[in-house]
Amino acid sequence: MLIVKDYLPLPKQLDGEFWNIERIEHIRKLALTGKPYKIFPDWGNSLRILDRVRFKSEKSTLRENPSSDTSTEIAGIYMSAPLYLGDMSYGALSGNPNIIIARAADYTQTLAGTGEGGLHPEVAKYKRIFVQWASARFGVDYDVLSHGAAVVIKIGQGAKPGIGGHLPGSKVTEPISMTRRIPVGIDAISPAPHHDIYSIEDLGQRIEALKEATGKPVFVKVAATNYIPYIVSGVARMGADGVIIDGHGAGTGATPVVIRDNVGIPIELAVSISDRVLREQGMRDKFTIIAAGRVADATDAAKLIALGADVVSIGTGALIAMGCVMVHKCHIGSCPSALTNKIDGTRELDMEFGFKTLSNYIRGFTLELANILENLGLNSLKELKNRRDLLVGKGLSRETLEVLGIEGEEEELPPKLGELWSKRRKVYLHELINKGEPVITSMGSTAPPDVEKPARIVDWLRSDGAQVTRPSIDPYREDIDTSFYLAQGRFYMSLPMIFDVTDAQSEVREALSWAALALSSGVFSLETDIRYSEVSITSDGKGAITWSQDYKPFTYVYLPSSSEAIEEVMELKGVLGFIFDEDIGNEDLEIVISQVDTKLKEMGVRKKFDLIAKSSRIRDSGDVFKFVALGADSVIMTHKVLDVAIGEGSRSGLKDKAFNLIAGFKKEIALLAGAAGIYSVQSSLTGNRELLRAVNLNSYVLKKLRVKVAGSL
């Protein structure tokens with residue numbers, strides 16, 4: 001067996017990464033010395049909102065023995081510092097890290113969460129643990145729940161809002177099987193909702209029942225999503241002792257890429273609005289807010305506490321302190337640092353190395369927080385809570401500053417800043433065409449706008465994850481209808497996705513047309529291939545639907561994506577609908593689709609016409625989902641998506657690859673719909689902007705889209 005007892009060299013990071021070399025080196029510095037290293041870092045051009053929030057006064061004097069008091073108390077539990085060590089399960093982690101985290105929490109007088117999946121017998125020996133009660137109830141009974149200092153009802157988490165936990169079968173070895181009470185080698189996929197919690201009142205009954213059964217405080221863990229202030233208000237009203245809010249970008253052992261990168265809002269917005277609503281309703285006293293998701297250092301913690309949090313959660317930071325090198329492969333069970341690897345006797349983390357580095361990290365983090373308090377002229381952590389007056393925003397939109405409740409310099413950022421086909425997107429598409437299943441990954445999101453720079457407007461938009469106030473639907477166990485009827489019911493598609501094969505090579509045209517016929521998708525071109533006529537949208541009049549650049553009855557009118565085209569639509573000359581092509585237009589397709597959808601609704605004729613969004617810049621199922629929410633009835637993508645997905649790989653088996661691409665996209669749209677609580681995509685998603693929130697998108701575009709800013713009421 002290989003025993004890991006030292007830090008591994010950091011691999012070169014070729015792509016954008018939130019946990020970059022500088023952040024990792026900072027954590028390692030604390031973990032090796034236990035001393036303060038740096039406060040108030042400046043992240044320059046970062047688009048992350050919390051990085052654009054600064055303290056008005058940022059003196060950076062560091063002392064090894066600062067006098068400010070970092071202690072706090074939640075639910076009657078004393079804490080030396082406001083640190084909660086994640087919610088990482090036995091199975092997601094490989095045993096020894098679970099024990100180390102619990103031991104370090106006891107030693108440092110902080111707190112730790114056990115995560116879903118039962119209780120490791122060695123972890124159960126420690127007292128400062130919050131035991132999780134999640135939707136699958138893996139390995140949980142009253143005896144297990146009674147071991148900790150508190151119980152956590154897990155409703156959602158930031159890396160996968162609206163869907164359940166996911167432990168791949170390859171990691172379910174005998175020890176995990178025994179603890180979780182599940183078969184060896186079988187995927188452990190938790191239900192999306194708790195099947196006994198479909199309302200706030202149901203949640204109240206569970207809170208009361210668990211308090212009665214265990215005599216422990218009860219917290220509720222939720223993801224940061226559109227309705228977070230109402231969810232947190234409901235949690236407080238139902239008698240919980242506090243809430244753990246897990247923001248977009250939070251880490252995980254396994255999650256679908258499409259969920260991780262498209263659903264949920266940043267923790268800073270969720271904390272600020274939740275704190276404000278609780279105060280307005282007179283429920284803030286004796287109710288704890290624990291903020292989770294991308295808490296990288298004591299400066300992040302201080303900002304979140306000033307915005308309204310009581311405690312912060314550090315999960316990924318704790319793993320980095322124990323040796324994580326951020327390879328995003330936790331789900332496959334071969335972690336080089338022996339933190340998230342499969343428990344098979346081949347690799348193990350040295351207990352003393354892990355305990356020493358994690359304990360030092362907590363101590364260094366605490367000392368940095370004390371230094372921040374001291375530099376701000378504050379004597380204790382209590383004096384920092386809800387002190388938005390100490391903060392200023394730089395480079396944020398007016399609406400974002402309003403949600404945060406802070407002063408600031410407004411800046412309207414241009415929506416197109418980044419690369420359309422990033423390396424990560426290409427890798428994801430390549431895996432999709434080889435498996436035909438939603439791509440699974442691990443750790444936190446690297447998606448725009450927080451990490452990678454946005455390449456188009458949809459990159460600033462987030463979809464909703466349903467929780468309690470609107471239950472999610474389990475896409476793994478329930479049928480979600482992703483189908484669309486176009487041309488007034490005459491054209492059926494199993495998903496709102498059509499491929500433009502107009503200028504495709506013959507082999508690509510053949511592969512996509514064949515796959516479209518097999519899976520009831522669609523193809524767009526000039527001429528109809530008679531073999532695929534029933535799925536063809538063509539201009540020669542021989543396909544299932546005809547398109548024309550002129551207004552002709554019973555056709556789709558082909559128009560550029562522009563304000564001039566919007567005015568033409570208002571003439572309404574008995575056509576089936578409109579295809580707006582961004583490649584020949586002069587306005588962003590998101591804006592045109594949203595505005596036409598809005599105008600047709602105002603005229604009372606929206607149901608009579610199809611709106612089709614066409615662009616070579618639409619890349620994947622996440623883009624399609626958002627375009628439909630903005631008002632599109634379907635989306636036409638370029639055939640080049642298949643070429644991008646193949647990359648430098650083999651072009652053999654093109655039909656299989658095209659089939660997998662469409663099948664994978666269909667399943668991913670079902671995942672997004674289920675997470676949002678949608679059974680029927682066409683009837684419930686089309687033009688439903690309420691399911692979208694914008695993350696610091698500039699005010700002009702926000703108004704054009706009629707989408708609310710993330711965190712707004």
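Predicted model: local features only at pLDDT ≥ 70, side-chain atom pairs only at ≥ 80, totals over all residues.
Q: How many aromatic pairs does a search of the whole structure find?
A: A pair of aromatic rings is described by the distance of the centres and the angle of the planes. Here, searching the whole structure turns up 16 aromatic pairs. Take Phe130 and Phe219: their centres are 5.1 Å apart with 40° between the planes, and the pair is tilted.

Q: Which parts does the pair of Phe130 and Phe219 tie together?
A: Phe130 belongs to strand β7 (residues 129–133) and Phe219 to strand β11 (residues 218–223), so the pair joins parts 89 residues apart in sequence.

Q: Are Phe130 and Phe219 buried or exposed?
A: Both Phe130 and Phe219 are buried.

Q: What about Trp514 and Phe659: what angle do their planes make?
A: The planes sit at 45° and the ring centres are 6.1 Å apart, so this pair is tilted. Trp514 is in helix α14 (residues 506–519) and Phe659 is in helix α19 (residues 654–675), so the contact ties together parts that are 145 residues apart in sequence. As for accessibility, Trp514 is partly exposed at a relative accessible area of 30%, and Phe659 is partly exposed at 29%.

Q: Which residues do ring pairs link into a cluster?
A: Tyr551, Phe578, Phe580 and Phe609 are linked that way. Tyr551 also has a charge over its ring: the charged end of Lys573 sits 5.4 Å from the ring centre. Elsewhere, the charged end of Arg23 sits over the ring of Trp43, 3.9 Å from its centre.

Q: Which residues are closest to the centre of the largest cavity?
A: Of the 44 lining residues, those are Asp87, Met88, Gln157, Gly251 and Thr252. Helix α10 gives the largest share of that lining, 3 residues. Sorted by class, the lining has 17 nonpolar, 18 polar and 9 charged residues.

Q: What is the volume of the second largest cavity?
A: About 110 Å³. Its lining has 15 residues, with Met88, Asn98, Gly113, Thr114 and Val123 nearest the centre. Elements giving two or more residues to this lining are α2 (96–108) and β6 (111–113), and α2 supplies the largest share, 3 residues. By class, the lining of the second largest cavity has 10 nonpolar, 5 polar and no charged residues.

Note on methods. Residues numbered from 1 in each chain as written. Heavy atoms only, no water. Phe/Tyr/Trp six-rings, centres within 6.5 Å; stacked < 30°, edge-to-face > 60°. Helix = DSSP H or I, 4+ residues; strand = E, 2+ residues; numbered from the N terminus. Buried < 20%, exposed > 50% of the residue type's maximum accessible area, 1.4 Å probe, protein only. Lys NZ or Arg CZ within 6 Å of the ring centre and 35° of its normal. 1 Å grid on protein atoms, 1.4 Å probe; cavity = no way out; pocket = protein on both sides within 12 Å on 5 of 7 lines; lining within 4 Å. Nonpolar A, V, L, I, M, F, W, Y, C, P; charged D, E, K, R; others polar. Points joined across faces, edges and corners; volume = space filled by probe spheres on them.
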